[in-house]
Amino acid sequence: MKKFIVETYYTCTFKTVHKLDELNDKELSKIDNRDDGDVEVIDVKLNNRKTKKVGGKKGDKNSNIKIDSTIPQSLTNKIKNNKNTNFENVNNIKAKNNSRFKMPDRRKGYIQKSQIGDHKVYLHTGEYDDGKIGEIFIDTNKEGELVKAMMNNFAIAISLGLQYGVPLDEYVDAFIDTKFEPSGNVVGNDRILSASSILDYVFRELAISYLGREELAHTPSIANKKNLSHERTDDKFLNIVKNITSKGFVRSNLEEKLVDLSDVRINLKTKN
């Protein structure tokens, strides 16, 4: 049985940062002899591995010279410590990027009831405090337990994706125009008149309500007929309404949904 020794070579690229009190030729000439600099690892590359038989000739040449003999021990320790901290920082960054933005316990949203053919569909949405959608629930009737379970788990998967940062546009582009039964005319939604499937209807509704994708609607928006460019958008009262109103429910048309009660007077009388 043959045995081999595998030699692995690494090429480490690093830089040393020195702090000088004065910038002159005398100080610069002493830099090579100083070992108090901060070492930063720039890159570590793995070279091609080489193998050799155990008990080979003594005249075999080693391709590399030991690094520890040419570099001071303190400098080598700094490289190792800096390398470990860099790997820890990378792991921390990955953990932060993969973090889930959970929904608040008390959240905004709306429920849209519609009927596709002979099937009723209830779409529930949940929103973050800033109005972005973070979860959906899909309820249907006249469906078996298998279909209901599949739709519920599909909605959970979409909700988890939204909470982990997947843009709603990606889901809309993926599921728009999917075709399966039930399909046909839509009753109960003022912007969507027909759908090729439940998924087509759900993501068409979400795209119109949360993304403003008017090209996916079958009826024009009422707010488009009114020129709102001259109105103030930084109104204090309007900002308060935005914070407490479901963005999907009003479809971002706050000016059209507000009711002016400035002229209404209420007289309150107390009983003696």
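**Entry 1: helix H6**

I looked up helix H6, residues 198-211, in this predicted model. H6 has 14 residues and spans 19 Å from first C-alpha to last, close to the expected 20 Å at 1.5 Å a residue. The expected span is 1.5 Å times one less than the number of residues. Helices are DSSP runs of H or I with at least four residues, strands are E runs of at least two, and both are numbered from the N terminus.

I noted how the model was read: residues count from 1 along each chain as its sequence is written, and side-chain values use heavy atoms, leaving out hydrogens and water. Local features need pLDDT of at least 70 and side-chain atom pairs count only at pLDDT 80 or more, while totals for chains, interfaces and linings use all residues.

Is H6 mostly covered or mostly open? I found 13 of its 14 residues buried. Buried means under 20% relative accessible area, exposed means over 50%, and partly exposed lies in between (1.4 Å probe, protein chains only).

Next I checked the ends of H6. Ser197 caps the N-terminal end, with a side-chain oxygen 3.1 Å from the backbone nitrogen of Asp200. A polar contact is a pair of N or O atoms within 3.5 Å; within protein, one must be able to donate a hydrogen and the other to accept it, and residues adjacent in sequence count only if both atoms are side-chain atoms. Just after H6, Gly212 has a positive phi of about 70°.

**Entry 2: Leu206**

I picked out Leu206, which sits in H6. Its relative accessible area is 1%, so Leu206 counts as buried. What does Leu206 touch, leaving aside residues up to four places away in sequence? I listed Tyr110, Leu123, Thr125, Ile133, Ile136, Leu168 and Leu211. Contact means heavy atoms within 4.5 Å. Thr125 is 81 residues from Leu206 in sequence, yet their C-alpha atoms are 9.0 Å apart.

I traced an open sheet of five strands in the order E7-E6-E5-E8-E9, with antiparallel pairing. Two strands pair if DSSP finds at least two bridges between them. H6 lies across E5, E6, E7, E8 and E9, at about 40° to E6.

I then followed E6 (residues 119-127). Six bridges join it to E5 (residues 111-116), and the two run antiparallel. Ile116 has His119 as its bridge partner in E6. The hairpin of E5 and E6 has two residues between the strands, and Gly117 there takes a positive phi near 65°.

How many bridges join E6 to E7? I counted seven, again antiparallel, with E7 covering residues 133-140. Leu123 stands opposite Ile138 in E7. This hairpin has five residues between its strands, and Gly131 in the turn has a positive phi of about 95°.

**Entry 3: H5 against H6**

I turned to H5 (168-175). Two packed helices are described by the angle between their axes and the distance between the axes. For H5 and H6 I read about 145° and 9 Å. Axes are lines fitted to C-alpha atoms, for helices over the stretch in contact, and angles run from 0 to 180 degrees between N-to-C directions. Residues of H5 that meet H6 include Leu168, Tyr171 and Phe175. On the H6 side, Phe203, Leu206 and Tyr210 are among them.

Most residues other than glycine have a negative phi, and most peptide bonds are trans. Asp177 is in this loop, and its phi is positive, near 70°. Pro182 is also placed between H5 and E8. A cis peptide bond joins Glu181 and Pro182, with omega about 0°.

**Entry 4: H4**

I ended with helix H4, residues 145-163. H4 has 19 residues and reaches 27 Å, close to the expected 27 Å. Which of its residues are buried? I noted Met151, Phe154, Ala155, Ile158, Ser159, Gly161, Leu162 and Gln163. These buried residues pack against E7, H5 and H6. Just after H4, Gly165 has a positive phi of about 105°.
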